[in-house]
Amino acid sequence: MAPEPKPPACVLEQIHPARLIPVEKDLRSRDGPEYKAMLDRLVADIRERGVIQPILAYRVKDRAQVIDGETRRFASLMAGNCESVPVLVYEQKPSAEEMLVGQLQCNACRSDMTTLEYGQVYQRLMIDHGWTQTQLGERLHVSQSDVSKTLAISSNLAEPLKERVARACRCGGRMP
């Protein structure tokens, strides 16, 4: 059996977001209030910290075509203060199969955290940094009511109810 071909090599570059071409075939729905709220939080976070997770793209002359990271690309443009963003750039266009596998892998790594998982992270951040709920919300660009609701659900529910909430979230039920 012949070994599988290696994917083309890519290099990490810093590229101005205006030099990135939007993704051709988007796997994500960008409609609705949940997406808009997430985008608003991401724009605020990028204004403060920049883009942390590299965008995946391939070279097209002096630009780069986005394969994965369209929301980060768009949010960095909306933030208005990004001179550059990190981009893993393939020197040549990957095959259609390689691009689809790359998108699938990137999106498979994204998991929607449950309310209980957010609550655990919120509690850990508050303990580690000595933050109040208000400070946590400001730092993460999350409303005070969402922080309060998440912490109430994650810390005040009896264990059998926590298990029911966790099951509901895994089955597609969205809490906050």
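Analyst: Start with pLDDT, which is the predictor's confidence in each residue, from 0 to 100, and with contact, which means heavy atoms within 4.5 Å. This is a predicted model, in which local features need pLDDT of at least 70 and side-chain atom pairs count only at pLDDT 80 or more, while totals for chains, interfaces and linings use all residues. Residues are numbered from 1 along each chain as its sequence is written, and side-chain values use heavy atoms, with hydrogens and water left out. The protein averages a pLDDT of 82, and 81% of the residues score at least 70. Over residues 170-176, however, pLDDT stays under 50, and the model has 10 contacts beyond four places in sequence for that stretch.

User: Which elements have the lowest and the highest mean pLDDT?

Analyst: Elements are DSSP runs numbered from the N terminus, with helices (H or I) of at least four residues and strands (E) of at least two. Helix α7 (residues 159-170) has the lowest mean pLDDT, 64, whereas strand β2 (residues 20-21) has the highest, 98.

User: How many residues does the largest nonpolar core have?

Analyst: A nonpolar core is a set of buried Ala, Val, Leu, Ile, Met, Phe, Trp, Tyr and Cys residues joined through side-chain atoms within 4.5 Å; buried means under 20% relative accessible area, exposed over 50%, and partly exposed in between, with a 1.4 Å probe and protein chains only. Here the largest has 18 residues, and those with the most contacts inside it include Ile 15, Leu 20 and Ile 55. At least two residues each come from α1 (33-49), β3 (55-60), β4 (63-68), α2 (70-79) and β5 (85-90), with α1 giving the most, four residues.

User: Is Arg 73 buried or exposed?

Analyst: Arg 73, found in helix α2, is buried, because its relative accessible area is 8%. Leaving aside neighbours within four places in sequence, Arg 73 is in contact with Pro 17, Leu 20, Ile 21, Pro 22, Ile 55 and Val 66. The C-alpha atoms of Arg 73 and Ile 55 are separated by 7.5 Å, although these residues lie 18 residues apart along the chain.

User: At what angle do α5 and α6 pack?

Analyst: Axes are lines fitted to C-alpha atoms, for helices over the stretch in contact, and angles run from 0 to 180 degrees between N-to-C directions. Helix α5 (residues 133-140) and helix α6 (residues 144-156) pack at about 120°, with their axes 9 Å apart. Among the residues that meet there are Leu 136 and Gly 137 in α5, and Val 147 and Leu 151 in α6.
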